[in-house]
Amino acid sequence: MSRTRFLAAVAAVYALGILMAFPAVAEVRIDITRGQMKPMPIAIPEFAGGSGQETKIGHDIAMVVSADLERSGLFKPIDPKAFIQTVASLQVQPRFPDWKAINAEALVSGKVEATPDGRVKVEFRLWDVFAEAYMTGWTLSAAPSDWRRLSHKVADAIYKRVTGEDGYFDTQIVYIAESGPKNDRKKRLSIMDQDGENHRFLTDGSDLVLTPRFSPSSREITYLSYFKGVPRVYIFNLDTGRREVLGNFPGMTFAPRFSPDGNKVVLSMAEDGNTEVYEMNLLTRQKSRLTNHPAIDTAPSYSPDGQQIVFESDRGGGQQLYIMTAGGANPNRISFGDGRYGTPVWSPRGDLIAFTKQKGGQFFIGVMRPDGSGERLLAEGFLVEGPTWAPNGRVLAFFRESPSDERGRGQSVRLYTIDLTGTNERVLLTPIDGSDPAWSPLIP
Amino acid sequence: MKLRFLSIFAAAALLAACESAPSDTGTKGGAGQTTPMTGAKTIAPGSKEDFVANVGDRVFFDFDKTSLRADAKATLAKQAAWLKQYANYSMTIEGHADERGTREYNLALGEKRANAVKEFLAANGVAAARVKVVSYGKERPVALGSNEAAWSQNRRGVTVLN
């Protein structure tokens, strides 16, 4: 994939900031730690363009930025039919009363310009309507085909300026696409942008594949495949399309995850009826066992600093969460609520661990602090499973499966996203059923 | 970008094409299912059909348990006797779980169940070298309902003759 080249327009941004003499009085701001807030009205007119290509891209960018911000639940894009000031006039200077009149609190202006090298230069600015102040902006250059990534970067910049948190829109999701009858389900490794666009299947379904997870670079995926009938952990390289079995383990390997530095994969191996957690060093190809217990020890996930691993074990009688050092020392149980806890995933921010909980015949997605305190349940269902964090640690994706009758009717498996506050649950649309989502870091 | 996308897809398709070599029969939906017999045909002693119809190819487990129940031990004792008589077979024990668990835990649980079967057979004279195990976790149910009647059939260990 071609990398977006940043025209380090830092200088331009600074210059703009100085030129804009408006004082920031009542700053446009969203406190995202509170749930169920009223979304902020924002006006996102088409980005201006001269040629047909520029106009088309300018229109499409505005659509994608609006959709990203709307899905976050924090913004409410205003219907463009209500706009008073024209796109052309906006390029000269925002006429703030026109935007106040339609209750816009924030305003986006932008421009698309084709450059002689065949690329497009996209300029964007965010304005505080009530303070009549410039808030942020940049200019980026990219291949015209990368207009979607540019759009997501605009949305990320707006999100960051208004909430104070990093965005998560220029990201991808890898997951398992599912089809066919329940007793012979065809599963395919699949990838898409976080908004469901640019979808593609990476495997054809001839082998059962499960539980994909991104490398920190987002260019590799580690997952479980039953290639030739033997369940093993593989690494799929998105740039080469090559797939490689990970390590020479005597037993079944599964439940893989990359370390935050990308140099290790932590996984489980099951042999002779015992499942343990192992670490595989990708540089030295050395493997070492991290747990040593006759119980089931699986689903390991690193803390963002790479110093600790959270995993699940039934060594205490039922499935519960434990934390040990990255070297496997001092396993300590952290979950003590009613029910069973599995699939722990450490937040990229380090402050929380997401999990799947089973209690009273229902499944839940929840979070708790690494010391086990502050448990909150965010989503519930007959089967909800497999939380994964957006890179800013504010949004989670998971999958939900519905029950079926004795002929398998009624089964559906869908991906969902939900805000950390437990609000704004949304279906993440996929071409066919989907499970086991994993969110990428922000694309470099 | 487009071209690159196509090349990735082509590579994936190529890989996939290489993968479609004949795999063992245990991986597909027919895995260990009771083979419907045509009424007229007689079952040859020592055949795979004989094993499934007259011995029983599967045992069942309680929820979240890997220990062998009395009925499972009875079935496995018959399996062991048959497998000692027809020593030419090697076999794969499939371990399965119901859908009421998380995916990775169920993979571990299935492996533990398959090994419980393997160990019982070994203790009753079936050489471990003849036996491989594979776990499918909750990925290959035989009963499709979302109720205990279905789940009790899906928590199983299946001896598949190669």
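Student: At roughly what angle do the axes of helix H2 and helix H5 of chain A cross?

Tutor: In this predicted model, helix H2 covers residues 52-71 of chain A and helix H5 covers residues 147-163. Their axes come within 8 Å, and the crossing angle is roughly 45°.

Student: Which term describes the orientation of H2(A) and H5(A) to each other, and is the crossing left-handed or right-handed?

Tutor: An angle from 35 to 65 degrees falls between the roughly parallel and the roughly perpendicular ranges. H2(A) and H5(A) are therefore oblique to each other. The passage of H2(A) across H5(A) is right-handed.

Student: How do helix H3 and helix H4 of chain B cross?

Tutor: Helix H3 spans residues 70-85 of chain B, and helix H4 spans residues 103-123 of chain B. Their axes come within 9 Å and cross at roughly 55°. Because of that angle, H3(B) is oblique to H4(B). The crossing of H3(B) past H4(B) is right-handed.

Student: Over how many bridges do E22 and E23 of chain A pair, and which residue is the bridge partner of Ala354(A)?

Tutor: Strand E22 (residues 353-359) and strand E23 (residues 362-368) of chain A pair in the antiparallel sense over 7 bridges. In E23(A), the partner of Ala354(A) is Val367(A).

Student: Why is one side of E17 and of E20 in chain A left without a neighbour in the sheet?

Tutor: The open sheet has 4 antiparallel strands in the order E17-E18-E19-E20 of chain A. Strand E17 (297-302) and strand E20 (332-333) stand at the edges, so each has a single partner strand.

Student: What is the volume of the largest cavity, and how many charged residues are in its lining?

Tutor: The structure holds 6 cavities of 30 Å³ or more. The largest cavity has a volume of about 200 Å³. Of its 16 lining residues, those closest to the centre are Lys182(A), Glu401(A), Gln411(A), Lys138(B) and Pro141(B). By class, the lining has 4 nonpolar residues, 2 polar and, as charged residues, 10.

Note on methods: Residues numbered from 1 in each chain as written. Chains lettered and ligands numbered in written order. Predicted model: local features only at pLDDT ≥ 70, side-chain atom pairs only at ≥ 80, totals over all residues. Heavy atoms only, no water. 1 Å grid on protein atoms, 1.4 Å probe; cavity = no way out; pocket = protein on both sides within 12 Å on 5 of 7 lines; lining within 4 Å. Points joined across faces, edges and corners; volume = space filled by probe spheres on them. Nonpolar A, V, L, I, M, F, W, Y, C, P; charged D, E, K, R; others polar. Pairing = 2+ DSSP bridges. Helix = DSSP H or I, 4+ residues; strand = E, 2+ residues; numbered from the N terminus. Axes fitted to C-alpha atoms, helices over the stretch in contact; angles between N-to-C directions. Parallel < 35°, antiparallel > 145°, perpendicular 65-115°, else oblique. Left-handed = near helix turned anticlockwise from the far one by under 90°.
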